[in-house]
Amino acid sequence: MEPLMAYVVGGLFAASIYMILRRSIVKLVIGLILLSNAANLLIFTASGLTRGAPPLIPEGAQFPDPMPAADPLPQALILTAIVIAFGVLAFAVVLINRAYEILGVDDLDLMKETDA
Amino acid sequence: MSVLLILMLPFVGILLPPLLQRQGRLAATLGAGIPTLLAFGLLMSLGPSVLAGEVLLASREWVPAMGLTAGLRVDGLGFLFATMTLGIGLLVITYAHFYMKKDDPLGRFYAYLLLFMGAMLGIVLSENVLLMALFWEITSLSSFLLIGYSSHDSEARRGARMALAITGLGGFCLFAGLVVLGQIAGSYELSVILASGDLITSHDWYVPMLVLVLLGAFTKSAQFPFHFWLPNAMKAPTPVSAYLHSATMVKAGVFLLARLHPALAGTSPWFFLVGGVGIATMFFAAYVAFYRHDLKGLLAYSTISHLGLITALFGFGTAGAAVVGVFHIMNHAAFKASLFMTAGIIDHQTGTRDIRILGGLRKAMPFTMVLALLGSAAMAGIPLFNGFISKELFLKETLDLPLMAGAPWVFPVVATAGALFSMAYSVRLVHGVFFKDPTEKTPKEARDPSMGMLVPVGILVAICVIVGIAAEQTAGPLLAAAAGSTVGGELPYYSLSLWHGFTLELLMSAIAIGGGVVLYLQRARLYEIADRWPQLTGQMAFEKVQGLILSFAEGLTARLENGSLQRYIVLLLGMALVAGALPFLEHGFVTGTAELTPTNPVAIAVWALLVVATLATVFTHRSRITAIICLSVVGLLISIIFVYLSAPDLALTQLSVEVVTILLLLLALFVLPKVAPPESSTLRKIRDATLAAIGGAGMGLISWAVMTRPQDSISDYYLENATYPVGGGTNVVNVILVDFRGFDTLGEVAVLVLAAFGVYTMLRYARHTHVEGVDDMASDRYPVVLVSVSRPLLALILLMALYIFLRGHYLPGGGFIGGLVASVALILQYLASGIDWAKERMGVSFRYVAVAGVLLATLSGGAAFLVEQPFLTMTLLGLKIPLVGEIDYVMTLLFDLGIFLAVVGGTMTILSQLSHMQEDREPFDEEARAKETDPWKP
């Protein structure tokens, strides 16, 4: 599994970087989404890959040491990151939209004036 | 306890004037006056014990790791300054009520004033020097607000900026100096520092530390060469000048000298730095004051001169001189505050402060004339006024300086010359305004003001006269207490009596008084000479430096920024790649030895699909919709990976976020440009692809390197304690979110809500006007099937959201996921039945829901305070709910409910606002459609 995941993380980062560097606004936005996915997966893989053992404790059970469950901490971090990525994405989209409307420029290379 | 209350009262009172403003001016004034009066009363109740020589200490730990305690100290010196701060504060509040114009927002003014007052009290009552530095900064900031109060006036803004720049820079130096001082003494508590004077003065770091501390004191007390901010601050409303520039703000610097006198004074660096700067400032500023034509400008330079006098006295380093310094602080506060207020009265009643225009006001303003005459007499140091005694004692001190044995005449001569100019400008103030013939008509018909403005001045002048006649009987005890804590030991012998016999200092006084009058009579010739001199001031130097810094910053910005977003990203990425590659180059790349997880065909299939979907997203050129659908496939496959690798919570979150993200993108397509810019050149594509390949390969390698190494995680702690004794849940991810790391979670929902509010505000004023015919088009837009299915679905999905939310503590689910699912249910109604239809039925604005969510989460975390636990400690509190059953952790549930509401509110604010945009757009535009030549379109 590990090589596959490493390829996925690398591939998603590469794709997002390429998209962010394009001049089209929509591609930039797509790149941002890919970037957040890539970052989440990177953090997720950092705690190792565990199959079939979600961090749920059966009622009344005592776990042996070490725990056979997946690491819950990165999961908690990523969970909030996913939701925040949505908020930030919305903010970015609207910000870019405002810039586009006020400046009348849709080429990111040319978005340089700060006054309308 | 009451010490803390005295300090808190002004800060608490800040809210009152702005709130009471609507009830009228009087209410605002009372709102400022009553907390001040209460604090003053409380302070007076401490008087007997402080005057008896007691030091009242009150201390609480704050940040023990940094040596920061919230320690307060009331000793004689602090008591004297607190009395001046609150007492003169009360007079200024009264005076300002009558002085300020009818349409001035008094609430804001008094709020600033109380903030300043509280900060000043903090400086003089702090036991911990770091705490003192904190309040020191607040005085700089609040004085900026006060000086720039007339914010429409560019001169006022400039003056405020200059004051902030100078005193703020001084504040940094002071802070650094105090840190060094604390390190030398081994404690930041004044009690320790004041007791270790020998250790400090013999330390290697003594001189650098002294210079830093003195920079703080000199900038604040406007000592040469940092004096120029004070005259420029005269654009402040006069009550502010009377308060800040006589009794408080500028006195903070000399307070510091007095406060640290036992620990730092008595060495030759101290003598030459403090005494030298003080005496030079005293003479120089008195000289300049004589040439000022603006009443407040004259008083400003006079203040600088008197501060120089006080600084010099502390600089002499002897106990006797320090006593006189404290005495002059009291006297100067009284007469200078009264004179500033008098200047304000003259300005208020005549419309000008220019001495060249004014004249002959004695007939029109007799009361004001008497008060100004008495105040100026005190300032000039005429016998029978308080200024005389302290000046006389000052002159006596200059005669006996062991460190100046080589040139004993220097200090007495300079001091006498300064006193001479002091007399001259005092005469000028009184004669020029009230007696000489007016040169032109004043803008307003002059007459005495209302009693409200005269009474505060009268009180101050009365103090000057009474102390001048019977100093020992009136000011004696307070002076003894204050000087006692300044000297830090036995008080030397001193006498406050008026008559000491025919002494050398009496002769010097006589020369100063007589010479001052002569100088004034020769003024016409002197002004002529002064006009011929070139003008070179500290202010010019300041502005020159400021200009240089600004142009440097502008040049740098212009060189770095060419306006292309992509260029910045390339630069940033390039830097990141270099920084990321360095460790690889240095240490090489080593794969870990951990055992790999076996792969199976399902995993390979998902992996292959993911690769295809990613490639498709990147290389789709035909349509934006297709690209977005490919993107959502990527998201869905990632959620499958989460399921496969034991992260059900993540899978659920990813899935529901994917839905709202796609909705967001579809809505955004309407507002984003439909025509793509021309494609980049091949060269640029190659450059970007190279960057992307290197970046991707790097991240993949990092991921690989981490995965193949053994894991050692702190998560075992979470797994062990999630159920008992801490969390009380079986879903460890959720327990981490709402309990172990609840503070993170709170911050993160706050970010989401802030982003939502950002979206809301940006789009709020960006509505597009309706175009004719929109309503006709809108009527048949909503498909019947979707409408009829979505409505019953609403209840079902909401119920499911509730279920997911409630079970979250034990099984996958919780506030985040439940909130997202609920948002999907709600937004479906918008899509199916239209904004107007849905909005009518929602009943509540989602912005309020979002705020309520954050508030609920914060409050449920704050509930821990009730049982004296740290913020967000989720305590066991059982509650039985019918049908649901018993809930052990009510606070946890409430916190999660807050997250739920914040997520629903935030997401819905974003989506509904965006769909509003779309609704308001023109639905169909022939011309725009015709322009869409590019295939990259919706």
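**Note on a predicted two-chain model**

1. Q75(A) counts as buried, because its relative accessibility is 1% and the cut-off for buried is under 20%. The model is predicted. Q75(A) sits in helix α3 of chain A, which spans residues 72-103.

2. What does Q75(A) touch, leaving out residues up to four places away in sequence? Its partners come from both chains. In chain A they are F44(A), P55(A) and A70(A). In chain B they are S646(B), A647(B), L650(B) and V733(B).

3. Chain A has three helices and zero strands. Read from the N terminus, its elements run α-α-α. The chain has 116 residues, and 64% of them are buried. Take the contacts in chain A between residues at least 6 apart in sequence: 54% of these join residues at least 24 apart.

4. Next, the interface. The size of an interface is often given as the accessible area lost when the parts come together. Between chain A and chain B, that buried area is about 8,600 Å². Carbon and sulfur atoms give 75% of it. In chain A, M1(A), L21(A) and F86(A) lose the most area to chain B. Together these three account for 9% of what the chain A side buries. The contact takes 82 residues from chain A and 106 residues from chain B.

5. Within chain B, look at helix α13, residues 249-259. Is this helix mostly covered or mostly open? It is mostly covered, with 11 of its 11 residues buried. The buried residues include K251(B) and R259(B). Also among them are M249(B), V250(B), F255(B), L256(B) and L257(B).

6. A helix pair in chain B also deserves a look. Two packed helices are described by the angle between their axes and the distance between the axes. Helix α17 (residues 319-350) and helix α19 (residues 386-398) of chain B have axes that come within 9 Å. They cross at roughly 150°. The cut-off for roughly antiparallel is over 145 degrees, so α17(B) and α19(B) are roughly antiparallel to each other. Their crossing is left-handed.

7. Which residues make this contact? From α17(B) come G320(B), A321(B), V324(B), F327(B), H328(B), N331(B), A334(B) and F335(B). From α19(B) come N386(B), G387(B), I389(B), S390(B), L393(B), F394(B) and E397(B). By class, the contact of α17(B) with α19(B) has eight nonpolar, six polar and one charged residues.

How values were computed. Residues numbered from 1 in each chain as written. Chains lettered and ligands numbered in written order. Predicted model: local features only at pLDDT ≥ 70, side-chain atom pairs only at ≥ 80, totals over all residues. Heavy atoms only, no water. Axes fitted to C-alpha atoms, helices over the stretch in contact; angles between N-to-C directions. Helix = DSSP H or I, 4+ residues; strand = E, 2+ residues; numbered from the N terminus. Parallel < 35°, antiparallel > 145°, perpendicular 65-115°, else oblique. Left-handed = near helix turned anticlockwise from the far one by under 90°. Contact = heavy atoms within 4.5 Å. Nonpolar A, V, L, I, M, F, W, Y, C, P; charged D, E, K, R; others polar. Buried < 20%, exposed > 50% of the residue type's maximum accessible area, 1.4 Å probe, protein only. Buried area = accessible area lost by both parts, 1.4 Å probe.
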